Amino acid sequence: MNGLNKQATNAAVWLVLLTMPYWMGAVGGYTELACRILVLGLAAMALNFLLGFTGVLSFGHAAYFGLGAYGAAMTLRYLVPSTPLSIVVGVAVGTLAAAIIGAMIVKLRGVYFAMVTIAFGQVFYFITFRWNSVTGGDDGLTGWKRQALKLGFTTIDILGNDKAFYYTILVLFAVAAGVMALLLRSPFGRTLVAIRENERRARFLGIPVEQHIWLSFVISCLFASLAGTLYALLNNFTDPRALYWGQSGNFVIMAVLGGMRSFWGPLVGAAIFVVLQDYVSTQTENWMSFVGLFFVLVVLFFPRGVLGILRRKAAS
Amino acid sequence: MSLLRVENVSQHFGSLIAVNGVSLTVGPGELRAVIGPNGAGKTTFFNLVSGFFPPTAGRIVFDGKDITALPAHKRVTMGMARTFQITEIFPELSVRENLRIPVEVAAGMRLMPWQSRKTDAEMQERVAQLMELGGLAAKADRLVGELPHGDQRATEIMMSLALKPRLLLLDEPTAGMGDQETYDITRLIRRLHKDQKLTIVLIEHDMRVIFHLADRIMVLAEGSILAEGTPVEIAADERVQAAYLGKAA
């Protein structure tokens, strides 16, 4: 794809994101739905940093997403009523866990890596599920709310004003997406693509493959836990399902659905997933089978995802 | 002073002895060929030298330092680069991108999370030089996986060269190639050896290539050294002839 085409895609994506709350209502949506697309889109893009650009499949990203969510929720519930601090704590907890677990598993490859990431994810799931007195157990953690942002010169009411909260999320999303895009265009980012393309060649070019996969894993989980903190803040609630391995699977589905070889693909996948979920689930309880059917069709006929189809159309 | 000194290395896979007490000394600027019938242990020997796996026994010294236990990527950082019998490249990237990665790694930039315009221009310049040297400039933006075999092989050699190695290990660089491609690759290797004074060890089957290039030849058979000498000496050696003819018959 040429540079002009890429710039046009970027401009289109940002235009849609910047205006979303203003037309969401007209097409049958609502601002909270737009927030969900952003937050889950960020999580899927974070996963794709590892999956699409390093070639490593994690089936346990919900663990870091969920640790971010609980980190933020517990900070607000037990420590201090500060939204920024809750985000910092959530991200720190998720990233730290990823750094430790990542170091233990970077030698594994393929399905073994995926299995072990599931296993570690389930450990955190059962901790939150069982530890009722602290995490609220199966009922989730309630009794807290996101707090208005006090910036000194002004206060942003992100609790009462949906749009204000949407744009707060968008700012964080933009920073995260910007950092990931910058990294992928850097020499470090190119070593990750090298590992995806041919690990043996990468190693014999002098790249310590395990070290680079570890870094990619930690960066990926950092942004996944950021998405998790925002998810908890969005719902003013979090429960163990945020860490369940099914949630990890949803992130993988979003990335593959949208196109894991493209930067924005997972965001498109997340939008399709969230909208389908929102719409079809009002019609039938079995909404997941429709998402599943759609997923199977995309994988069978458009292995490069939805964005892959659009691109091929644009190129021809 | 030798650049590479291999002392009595052996490699056992279970009860199979793939390499049995092989020693080799290569001086700076030398071009050494390793030949031998199929299954003689040539590639296993290369894998030991380049750090694919540690040897069962023996010692490997590179540039005066014992590297026997050093992982592959550290040997690369010390100046040892290799190619593979089955070309190892990044097939879904362009020639330019394939070369860009080792150029940046060699510049110590593998962990750099951003890039200035100045270094970007420097890296592109170096990539352009390498493509020129390898005869790949006209195919710079083609995906390597779509190029003919000879160009893929040339890309792999240039990727290794991008690392500015002091020792280049080439595993059957002309395997599976037609006459013209073989000629082109041979000329490229000869240029690297003569013009850039690069030390090269290569495994090869094509005798024309070997006699054209090699200063000295080591012959392996069934994991052990059968003979060692200049091309003329090796050609006259009856044991070598027997080993090859014995296999063929």
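## The sheet of chain B

In this predicted model, chain B holds an open, antiparallel sheet of four strands in the order E2-E1-E4-E5. Strands and helices are DSSP runs, numbered from the N terminus (strands: E, at least two residues; helices: H or I, at least four). Strands pair if DSSP finds at least two bridges between them. Strand E2 (16-26) and strand E5 (65-66) of chain B are the edges, each pairing on one side only.

Seven bridges join strand E1 (residues 4-13) of chain B to E2(B) in the antiparallel sense. B:Val9 has B:Val22, in E2(B), as its bridge partner. Helix H1 (residues 42-50) of chain B packs on the sheet and touches E1, E2 and strand E4 (57-62) of chain B. The direction of H1(B) makes about 60° with that of E2(B); axes are lines fitted to C-alpha atoms, for helices over the stretch in contact, and angles run from 0 to 180 degrees between N-to-C directions.

## Contact between the chains

Chain A contributes 18 residues to the contact and chain B 25 residues, where contact requires C-beta atoms, placed from the backbone, within 7 Å. On the side of chain A, helix H7 (162-184), helix H8 (187-197) and helix H9 (199-203) each supply at least two residues. H8(A) gives the most, with six residues.

## Confidence

Chain A averages a pLDDT of 92, and 98% of its residues score at least 70; pLDDT is the predictor's confidence in each residue, from 0 to 100. Within chain A, the mean is lowest in helix H14 (residues 305-315), at 74, and highest in helix H10 (residues 209-235), at 98.

## Conventions

Residues are numbered from 1 along each chain as its sequence is written, and chains are lettered from A and ligands numbered from 1 in the order in which they are written. In this predicted model, local features need pLDDT of at least 70 and side-chain atom pairs count only at pLDDT 80 or more, whereas totals for chains, interfaces and linings use all residues.

Technical notes: Contact = placed C-beta atoms within 7 Å.
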